[in-house]
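Student: I'd like to get to know this model with a few questions. Where should we begin?

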Amino acid sequence: MDLALKPEHKAFADEVRAFVHKTLLPATKAKTFAGKHYGRDDHVEWQQALGRQGWLPYTWPKKYGGPGWDVTQRFLFENVLAEEGAPRIIPFGVKMVGPVIYTFGNDEQKERFLPGIRSSEVQWCQGYSEPGAGSDLANLRTRAVRDGDHYIVNGQKTWTSFAHWADWIFCLVRTDPDTKPQEGISFLLLDMKTPGITVRPIIMMDGAHHVNDVFFDNVKVPVANRIGKEGEGWTCAKFLLANERLGIAEVPASKRGVRSLRDIARTEPQDGRTLADDPAFVAKIAEIDLQVQALEMSELRALSTMALGGAPGPEVSTLKIRGSEIQQRLAELAMEAVGEYAQPYQPGMLFQNTNETPIGPDHAPPAAPRYFNMRKTSIYGGSNEIQKNIVSKMVLGL
Amino acid sequence: MDLSLSDEQKQLQDAAERFVRDKYAFENRRKIVATDRGWLTENWTQMAELGWLGMAFKEEDGGYGGGPIETMIVMEQFGKGLVLEPFLPTVVLGGGMIAAAGSPAQKEALLAPMIEGKKQFAFAWLERQSRYNLADVSLKATKEGNGWSLSGHKGVVYNAASADNIIVLARTSGGAREEKGLSLFVVDGKAKGLTRRDYPTQDSLRASELTFDKVSVGADAVLGKVDAAFPVVEEAVDRAIVALCAEATGCMDAINAATLEYIKTRKQFGVPIGKFQVLQHRMVDCFTNAQEARWPARDWKCSAARSHVIRLVADAIALMNGGYLKLLRGR
Amino acid sequence: MDLAFTAEEQKFADDVRAFVKANLPADVRDKVKNGKHLGRDDYMRWQQALGKKGWLVYTWPKKHGGPGFTPAQRYIFENVCAEEYAPGIIPFGTKMVGPVIYTFGNDEQKAKYLPAIRESTVWWCQGYSEPGSGSDLASLRTKAEKQGDHYIVNGSKTWTTMGHWADWIFCLVRTDSKAKPQEGISFLLIDMKTPGITVKPIIMMDGGHEVNEVFFDNVKVPVANLIGKENEGWTCAKFLLANERLGIAAVPQSKRGVEALKDIARAEQEDGKPLIENQGFAEKIADLEIQVTALEFTELRVLSQMAQGGQPGPEVSGLKVRGSEIQQRITELTMEAVGEYAAPYLPGLLWQGTNEAPVGPEYAHLAAPRYFNTRKTTIYGGSNEIQKGIISKMVLGL
């Protein structure tokens with residue numbers, strides 16, 4: 001066991017930092033630190049810059065056009081990006097469908113889809129959840145019926161993040177309704193421009209538009225767009241979910257969250273001093289800081305095991321649980337730190353579409369929207385209760 | 001950065017695990033608790049023979065060149081059986097401070113025999129008012145000829161009754177709670193003017209209240225520089241905290257394993273109680289807590305780790321139906 | 001709803017306080033105040049004093065020899081007793097078997113057993129749990145077979161609190177092993193001096209002897225000792241458990257516990273100042289106090305519903321859950337307040353069996369034994385998981 005960084009890793013971190021300094025647009029960076037909503041361009045321009053550098057698919061092996069980094073390099077890359085205020089890499093292409101395609105796809109599919117993912121020329125979204133299939137994902141009902149060289153797809157997906165920005169969607173569809181739920185599912189790639197697809201926004205409480213309903217009405221999809229064999233889509237689904245759970249702990253972002261919480265506490269006045277002089281509040285920050293560090297250590301251990309060969313195991317479910325709880329706790333503490341000035345609702349400040357000035361301090365307007373938005377973390381990516389069931393069954397043998 | 005154990009470290013872990021399995025079955029432990037000193041010479045000798053008493057020290061100090069990771073590996077296994085031999089006060093605290101601040105003569109006289117299993121130590125820092133402030137020390141050491149005279153009180157000194165030497169944190173100058181003005185003295189466990197009140201602790205270790213009434217020591221009893229002991233103590237205590245955290249994680253693992261076994265076998269309502277989702281989720285919380293408690297490995301100089309880990313242990317001990325009852329019936 | 005006390009109620013509180021001051025033996029008061037273990041005689045002296053006054057059975061209606069207190073009077077009585085460091089009334093006679101006897105027993109049984117319970121001349125214990133029947137109480141196997149005018153009882157009970165001090169035990173026994181589990185159970189009163197009964201101590205971690213195993217080997221019990229009809233004991237059992245849950249919240253004791261914690265925090269020094277001036281610690285105490293107050297009002301609400309007529313409903317399970325969690329939290333914070341001096345183990349001081357002086361402050365040696373002992377509260381009287389199961393089913397309809 002050796003926890004120190006080697007000199008070449010330090011040099012690597014410097015290289016990444018220099019790249020971010022040079023490349024990340026100041027306006028995008030400013031949004032990150034102000035907690036404001038990004039536009040599509042913020043994401044796409046940043047991801048394409050990473051793509052040109054060859055770093056966007058940073059978890060991919062060399063063979064498929066990734067940089068072939070070791071666990072430490074990935075860890076450093078994620079941390080430097082978060083520290084420097086880069087937007088989160090949207091996972092649907094590089095972290096989700098990409099690895100599914102290079103693991104389960106055929107050569108033609110790899111050639112056709114991987115370049116657009118690596119360069120972020122093509123934006124992806126995820127068609128998993130349905131109105132009747134949430135925690136019980138295998139209950140999904142979106143139907144794909146074979147018709148010669150095509151499938152005809154009918155049904156509905158929901159909670160589809162960034163579907164309104166996406167060029168393509170990967171979907172779990174039911175190709176055989178007569179077998180066991182998990183066995184009749186296939187993994188399909190759909191061009192969002194195909195006739196019959198409708199995207200309907202779901203608007204959040206704070207006015208933000210992240211998620212959507214996606215409707216499929218006799219959508220014609222070439223059989224060549226199916227990944228893996230028909231009826232074996234559940235294998236892809238599980239593979240993808242385990243990958244999702246790993247990144248979903250959002251440790252680098254939470255580390256940044258702790259720092260910005262400290263910054264807020266240093267500026268918020270209390271009893272003629274600042275909130276950072278209140279030992280009880282400082283103790284709360286210290287506690288969440290410890291939890292973040294503990295989680296980081298657990299994630300490193302999981303990564304380290306993966307480095308020795310092997311896919312992420314069911315233990316990553318615990319990372320998702322703790323990571324989501326920490327994100328919520330950080331948002332709660334930020335609300336507590338901001339105090340009364342968390343109340344004014346200033347959507348213009350969040351979306352940068354007005355010149356209005358903030359009513360309280362600059363950091364106040366996003367606090368409440370973020371607090372409410374973070375309620376999702378213990379539900380999405382498989383609810384925390386589902387994760388606990390997984391650990392209970394797969395790790396503890398209960 | 002590499003989080004896996006080296007081959008030597010794995011061997012160490014295996015050996016420590018075997019030691020605990022062989023020597024610390026619950027009934028055995030009760031027998032050891034009931035002995036006069038509360039620990040066994042044969043176990044201590046075996047630890048010396050296995051090299052555990054010297055593994056964390058530099059080779060030039062007579063050790064085997066390991067570090068805090070090795071200490072943690074052993075302590076984690078000790079936690080699984082709540083080992084009673086005074087490894088922490090003697091090796092981690094006493095040995096640690098002598099290695100960090102001792103003169104070559106002190107290292108030869110104290111550290112070398114400790115590594116061979118022939119000397120034990122205790123560290124006396126706490127006083128009634130100190131709480132967790134290491135600098136809240138009022139026991140006074142005053143100049144007396146070439147040497148010093150110590151007077152005052154020290155509390156909850158682990159292993160004082162068995163220790164050949166007691167390392168005493170004393171005030172040589174400065175006001176209450178000042179970090180500057182503290183010095184360390186190596187005092188013979190049987191020194192004239194030193195009286196003890198010995199007692200067992202809640203976890204069946206042994207500790208003492210010590211009263212120093214003009215205890216005289218020579219100039220060579222000073223460990224490190226006069227008035228400048230605080231950083232030495234702070235570092236030793238940080239290392240001890242990490243060692244304790246490792247012990248606690250081992251303890252949690254053992255409790256979790258016992259509880260898991262119990263909820264798989266204890267039947268109510270016709271099924272093992274582990275079939276109930278509410279208990280499954282509690283068990284997952286215990287398991288996750290134990291995993292998370294492992295983190296101080298990365299940054300061992302972090303005292304704050306302590307409260308976090310202790311809370312996790314408390315959570316783990318506050319187990320489910322029955323599991324805790326076994327613990328209650330333990331002593 | 002009227003939360004203020006009337007002039008008569010104020011006067012009643014003064015009367016109770018004067019009575020406790022005049023009749024609670026000073027040595028018993030000191031033991032309670034200092035958290036030491038009490039002996040059988042300590043309880044008996046106090047309970048018999050209450051018995052003479054007619055207040056021991058303070059929850060009983062006048063008809064059965066109780067004082068017929070209103071809910072407000074009961075509340076005042078409990079609180080004043082706790083404030084004045086009276087020992088908790090042992091519930092087995094007065095709160096458990098007594099109400100079962102006057103609710104389900106015949107006149108002869110009432111005449112035989114109730115006076116001694118009211119006067120505390122007979123010590124009762126409870127024979128419910130068995131090695132194989134904890135949460136699943138209805139699976140109990142202690143068997144009572146009818147032979148003429150007697151039952152022959154065989155089996156064992158466990159976790160029998162103060163069984164070693166008891167004159168009588170009330171037991172759930174199986175009288176029909178072919179019926180559904182709940183339908184073959186009867187409620188029997190057994191004299192502990194009957195041949196064939198063996199009491200074996202279970203010694204706790206702190207060396208204390210509270211609980212026992214009780215073995216029955218061909219114990220001959222008159223049929224006249226059966227309460228209610230044969231095989232209808234489950235009705236008595238449920239009635240009793242609901243009563244148990246009400247008192248088990250231990251609100252007055254927790255209020256006293258918070259005050260004791262504050263005293264410790266005033267006495268303990270940190271950096272040359274009293275610990276209670278540490279803002280973070282003071283907030284923890286405040287948080288606890290708020291929880292105790294909230295629980296108290298919840299309990300008052302339940303009592304006031306009962307005053308309108310009716311038995312305690314399944315809502316009392318919520319009181320048990322919260323009350324037990326609060327009791328544990330008090331002991332945790334007490335450990336934290338005491339610090340290093342919680343470590344010495346001084347059993348002589350707990351049992352008053354020696355004259356040894358305490359190591360550190362008087363209150364210190366109690367902190368750890370209490371902390372460990374209080375782990376039981378979330379398990380006994382029906383574990384908190386069982387209570388939540390009851391609320392989920394009976395209150396929420398899940």
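Tutor: Among the things covering the buried residues of helix 6 of chain C are helix 3 (40-53) and helix 5 (91-104) of chain C. Here contact means that two C-beta atoms, placed from the backbone, lie within 7 Å, and helices (H or I, at least four residues) are DSSP runs numbered from the N terminus. Keep in mind that this is a predicted model: local features need pLDDT of at least 70, side-chain atom pairs count only at pLDDT 80 or more, and totals for chains, interfaces and linings use all residues. Residues are numbered from 1 along each chain as its sequence is written, while chains are lettered from A and ligands numbered from 1 in the order in which they are written.

Student: Which residues are buried in helix 6 of chain C?

Tutor: A residue is buried if 20 or more other C-beta atoms, placed from the backbone, lie within 10 Å of its own. An α-helix has 3.6 residues a turn, so residues three or four places apart point the same way. In helix 6 of chain C, the buried ones are Y113(C), L114(C), I117(C) and R118(C).

Student: How far apart are the end C-alpha atoms of helix 6 of chain C?

Tutor: The expected span is 1.5 Å times one less than the number of residues. Helix 6 covers residues 107-119 of chain C, and its 13 residues should therefore span 18 Å. The model agrees with that, with the end C-alpha atoms at 19 Å.

Student: Where does helix 6 of chain C bend?

Tutor: A bend is the angle between axes fitted to the seven residues ending at a residue and the seven starting there. In helix 6 of chain C the angle is about 30°, and a proline, P115(C), follows within four residues. The bend sits at Y113(C).

Student: What radius of gyration does chain C have?

Tutor: Taken over C-alpha atoms, the globule rule is 2.2 Å times the number of residues to the power 0.38. For 398 residues, a compact globule would therefore come out near 21 Å. Chain C agrees with this, at 22 Å.

Student: How much of chain C counts as buried?

Tutor: Chain C has 13 helices and 10 strands (E, at least two residues). Its C-alpha atoms fill a box of roughly 75 × 50 × 50 Å along the principal axes. Of its 398 residues, the buried share is 43%.

Notes. A residue is buried if 20 or more other C-beta atoms lie within 10 Å of its own, exposed if 12 or fewer, and partly exposed in between; C-beta atoms are placed from the backbone.
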